[in-house]
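Please read it with the sequence and the model open.

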Amino acid sequence: MKEFMMLFRNEKMEGGEMPSAEQMQAVMSQWQNWIGNIAAQGNYAGTNRLGSEGKTLKPGNVSIDGPYAEVKEMVGGYLIVKANTLDDAIEMAKSCPNLLYGGSVEVRSVLSMDADTTSATFLVEK
Amino acid sequence: MKSNELLPHLFRTEYRKIVSVLCYLFGIEYIEIAEDIASDTFLAAAEMWGMKGLPENPTAWLYTVAKNKTKNYLKHNQLFAQKISQEINQSTYQKEEIEIDLSVKNINDSQLAMIFVVCNPCISEEAQIGLALNLLCGFGVDEIANAFLTTKEVIYKRLQRAKGKLKTQKIKIQQPTCAEINDRLPNVLTTLYLLFNEGYYSNSQNKILRKNFCLEAMRLNYLLVENEITNQPSANALLSLMCFHSSRFDARTNEKDEMILYEDQDEKLWNFELIEKGIFYLNNASKNSVLTKYHIEAGIAFCHTQKEDTPKKWNSILQLYNQLLQIEYSPVIALNRTYALAKANGKQVAIIEAEKLNLINNRFYYSLLGNLYTDLDNTKALHHFQTALTLANSNAEKTTITEKIDKLAANSEKNNS
């Protein structure tokens, strides 16, 4: 089994109505149920939400407030799953609640450190 | 208490205290000597009390005799006495009287040290439980064999091997340090959890024995909570969990020792004092932000102390299971979660997720599928229950599943007629 990471992006909220506590709970439940479905099959490997404050650093000592300087979207969190192929991971992502709220899910494979490659590179450089 | 009941009762409560104090004093190498002295003490009691009647203070009598027997042993085994004395009084080499301290504090300290000795990952889990039952809880080899549905010889060998291993590893019998706690406490808690499970789920016919296992697991857990170093959130959460589960002990079986399912239990037989205790320890456990699987399991068990069958309750349980699966995966947790999903969001949704689980070697998987398909597709339900029946391994289970099959068959007859 390999690992794949899903990155959840949403448009940053510019104000407007805050959802009610009940709505928040319902959304949370949806997310937890979706992750729970994946975890029930033994395919869960980690998740976190990311805070909305932060900085983006760029070369030349530039630092910009916020994670969403030039693009309107920001990464709200990630989920790592275990699957045999990228297609299997994509299949899991199709029922992600983020897609119901106008967000996106990017699915990427997590590369593991390959002992052979590192030692081969080392030898070549010598 | 009648005099002929008193000694067995005292054996259960005092043997382990005497053994623990002596082991603490002698070290792991001489564990058999500790056991012998403790056993001899009770033999003496059986003889003397039979002839001369009960002493005024039976417990004090036992302690006095144990101390005397130990002093005698030390007198007649000088080398042994010197070795122990060297370990205790590293500065003095004198033949000082070795104090056998049977105060409440030393008894508790000794038992705590022994819990950590016994729950050591260098011996197998079943050996840990066996030793815990024998040394920490005062159960005999016979009783342990009964609970594990095996023979005396198997248990005896298992205990001997385990003690041998502890000796070769030269495990020290000492108060756990703060550093060791973080490392070893999880293992200790697992052993207590498994011990409780033995009592709760054992297929042995002896209901009183099983209940005593649960009580013993709780007593040992209580020792941990009473001691400052081991009074951790996880220990409190586990104790809370055990309280909630045991609150239903009397309602779970009928006079014929058949299993009564949760939804059919008589709430009036639930022990509400234990439920209150569970809430108390769960609150204790939640004082800082540590979250362990025991917290979540206790939370789920707490939900079950309210019998109402609402989607709201089941959604709380579902959310807890979602969290639990993120901390620790197991097929049983996955199955229980799927059941909660069905209760909260309906069978259709749950069936889709259940089919994905694909736990084809797990007998409970088929019971769950049977449950989910009942009233939606009774042919499939029947098929799954029949598979579950072939995999069932206790009479209680077979009875429950057969009842469900009979019910389905009766319904289909009704529909056909």
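1. Chain B has 417 residues, of which 36% count as buried. The model is a predicted one, so every remark here concerns a prediction. The C-alpha trace of chain B spans about 90 × 50 × 40 Å along its principal axes.

2. The secondary structure of chain B consists of 20 helices and zero strands. Among contacts in chain B between residues at least 6 apart in sequence, 61% join residues at least 24 apart.

3. On the nonpolar core: the largest one has 117 residues, and Leu22(B) and Ala132(B) have the most contacts inside it. Helix H1 (residues 3-26) of chain B gives this core its largest share, nine residues. Apart from neighbours within four places in sequence, Ala132(B) is in contact with Val118(B), Cys119(B), Cys137(B), Thr191(B) and Leu195(B).

4. Ile115(B) lies in helix H5 (residues 104-118) of chain B. It counts as buried because it has 24 C-beta neighbours inside 10 Å, the cut-off being 20 or more. Neighbours within four places in sequence aside, Ile115(B) is in contact with Leu136(B), Val188(B), Leu220(B) and Leu223(B). Thr177(B) is 62 residues from Ile115(B) in sequence, and their C-alpha atoms are 14 Å apart in space.

5. Lys165(B), in helix H8 (residues 152-168) of chain B, counts as partly exposed because it has 15 C-beta neighbours inside 10 Å. Neighbours within four places in sequence aside, Lys165(B) is in contact with Cys122(B) and Ile123(B). Cys122(B) and Lys165(B) are 43 residues apart in sequence, with 7.6 Å between their C-alpha atoms.

6. Helix H3 (residues 58-76) of chain B has 19 residues and should span 27 Å at 1.5 Å a residue; its end C-alpha atoms are 27 Å apart, which agrees. Where do its buried residues lie when H3(B) is seen down the axis? The buried residues in H3(B) are Leu62(B), Tyr63(B), Ala66(B), Thr70(B) and Leu74(B). They fall within an arc of 100°, so they line one face of the helix. The face of H3(B) turned away from this buried side carries the exposed residues Ala60(B), Asn72(B), Lys75(B) and His76(B).

7. Of the 14 residues of H11(B), 13 are buried, so the helix is largely enclosed by the rest of the structure.

8. Last, the contact between the chains. It takes 13 residues from chain B and eleven residues from chain A. On the side of chain B that touches chain A, the elements that give two or more residues are helix H15 (311-327), helix H16 (331-345) and helix H17 (347-357) of chain B. The largest share of that side, six residues, comes from H15(B). By type, the residues of the side of chain B that touches chain A are five nonpolar, five polar and three charged.

Conventions
Residues numbered from 1 in each chain as written. Chains lettered and ligands numbered in written order. Predicted model: local features only at pLDDT ≥ 70, side-chain atom pairs only at ≥ 80, totals over all residues. Contact = placed C-beta atoms within 7 Å. Helix = DSSP H or I, 4+ residues; strand = E, 2+ residues; numbered from the N terminus. Nonpolar A, V, L, I, M, F, W, Y, C, P; charged D, E, K, R; others polar. Buried ≥ 20, exposed ≤ 12 C-beta atoms within 10 Å, placed from the backbone. Expected span 1.5 Å × (residues − 1). Arc of directions from axis to C-beta. Core = buried A, V, L, I, M, F, W, Y, C linked by C-beta atoms within 7 Å.
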